[in-house]
Protein chains: 2
Amino acid sequence: MKSPTRNRRAEILDAAAALFAARGFHGVSIEDIGAAVGVSGPALYRHFSGKEALLTEMLLGISERLREQGARLATTADPDTAEAALDALLAGHIEFALRHPALIRVQERELDNVPEQARRAIRRLQRLYAEEWVAVLAELHPDCPQARLRAAAHAVFGLLNSTPHSAGELSPEAMAGLLHTMARAALCRIG
Amino acid sequence: MKSPTRNRRAEILDAAAALFAARGFHGVSIEDIGAAVGVSGPALYRHFSGKEALLTEMLLGISERLREQGARLATTADPDTAEAALDALLAGHIEFALRHPALIRVQERELDNVPEQARRAIRRLQRLYAEEWVAVLAELHPDCPQARLRAAAHAVFGLLNSTPHSAGELSPEAMAGLLHTMARAALCRIG
DNA sequence: GGAGTCAGTTAACGATGACTAACATTCGAG
DNA sequence: CTCGAATGTTAGTCATCGTTAACTGACTCC
């Protein structure tokens, strides 16, 4: 069978994401992760070469997914209407953040625990994603310097990624609407 | 001498904050912290009862400081003009975040590593601080349900606390102005 | 000038945790 | 039926780390 392997790997990544989000990379042991998927301890080494490799694959996956999504959404439909592109980027990011709060948290917190080389790759993907946003924002605010646009984009990421902190008082739909409205308003005033 | 003691404690707290912000609580050893202030290893036990106690005191200090600042700023001057109170809260939070990015980072990331009892105290202080914001927002948006206001407040915290991520491309003044403008705009549209 | 406290040192202990080794089981392919 | 790959297991190693113990010098106070 080939699929069990794939499933086991994904299972481990999911469980590890939840644990890392809750207690941090160094606060979770290999044994903990194994226990979370019903095997114990060193069985994980059949699927990953080590704890760092696990985190690395996780962060690369997230960054790659966001970048791909960003590249796809930023260039849809009317290239004229940067407004529509911005809305698409917002909706995409919000849906991801609401659907995978643990991944958002890990991506925000654990980048330093990944080995140097992979860290550079991850940062590159994150930069490419941010640049999609900056490109769209530059169309909306042609006179605004790039540095300011970058800072604004990161600020909006902070706003959108606040999801894990304020968990579950609002329905996901209401939360999505609120975040979209707030982010939209924040980005209109930066010129 | 009494002041050397005080200074040493503060020195240790500062160094630990920087290290925790950079590598996370579990990623920093007692020896690391000692080395950062020029003493080595277990000397810290002359000033703190342990590693957790150090973190606890740090987080309690931050939360208490923000809560005090919030209580002071939210009730200044005209009780009529909620606008002014909101501006004061924004300015205060932004100044703190820009002046102490490491503390913001630690407060965001390390709450789970503090023992249960102290954690409750810290959360209580954070809740009180957030409620100052919600009270002001409620005056501006009388028809908006509390849950939505709370979520909006946390989202704005996320925006303002994005400072550590987008470090130093803009001058502190420009950054402060940008964050203030964006947060203001985001909070106008939530009704 | 001795007594006591403050703030530091080095050495050791005990626990934890990442990782490895050696062995077991399942199961499909030839 | 058997071989071998895939996927586990348990036991053990080695490093790291929080914490304690025992000891030392400096400074204050009677």
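Predicted model: local features only at pLDDT ≥ 70, side-chain atom pairs only at ≥ 80, totals over all residues.
**Close-up 1. B:His93, a buried histidine in helix H4 of chain B.** Who sits around B:His93 once its neighbours within four places in sequence are set aside? The contacts are B:Gln69, B:Tyr129, B:Trp133, B:Phe157, B:Leu160 and B:Asn161.

**Close-up 2. A:Trp133 and the largest nonpolar core.** This core has 127 residues, and A:Trp133, A:Met182, B:Trp133 and B:Met182 are the ones that touch the most other members.

**Close-up 3. B:Pro42, out in a loop of chain B.** Is this proline buried or exposed? B:Pro42 comes out at 61% relative accessibility, and since exposed means over 50%, it counts as exposed. The loop in question runs between helix H2 (30-36) and helix H3 (51-74) of chain B. Look for B:Glu31 too: B:Pro42 and B:Glu31 are 11 residues apart in sequence, with their C-alpha atoms 7.2 Å apart in space.

**Close-up 4. Where chain B meets chain A.** Each chain puts in its share here: 35 residues from chain B and 35 residues from chain A. About 2800 Å² is buried between the two chains, and carbon and sulfur atoms give 64% of that. On the chain B side, B:Arg109, B:Leu178 and B:Met182 lose the most area to chain A, together 19% of what that side buries. B:Met182 is also one of the residues that touch the most other members of the largest nonpolar core.

**Close-up 5. Salt bridges and helices at the contact between chain B and chain A.** How many salt bridges link chain B and chain A? The count is four. One to look at pairs the side chains of B:Arg109 and A:Asp112, at 3.9 Å from N to O. There are also three residue pairs in polar contact between the chains. Helices H1 (3-23), H5 (101-109), H7 (146-160) and H8 (172-188) of chain B each supply at least two residues of the side that touches chain A. H7(B) gives the most, with 10 residues. By class, that side of chain B has 17 nonpolar, eight polar and 10 charged residues.

Definitions and conventions: Residues numbered from 1 in each chain as written. Chains lettered and ligands numbered in written order. Heavy atoms only, no water. Contact = heavy atoms within 4.5 Å. Buried area = accessible area lost by both parts, 1.4 Å probe. Polar contact = N/O pair within 3.5 Å; in protein donor to acceptor, adjacent residues only side chain to side chain. Helix = DSSP H or I, 4+ residues; strand = E, 2+ residues; numbered from the N terminus. Nonpolar A, V, L, I, M, F, W, Y, C, P; charged D, E, K, R; others polar. Core = buried A, V, L, I, M, F, W, Y, C linked by side-chain atoms within 4.5 Å. Buried < 20%, exposed > 50% of the residue type's maximum accessible area, 1.4 Å probe, protein only.
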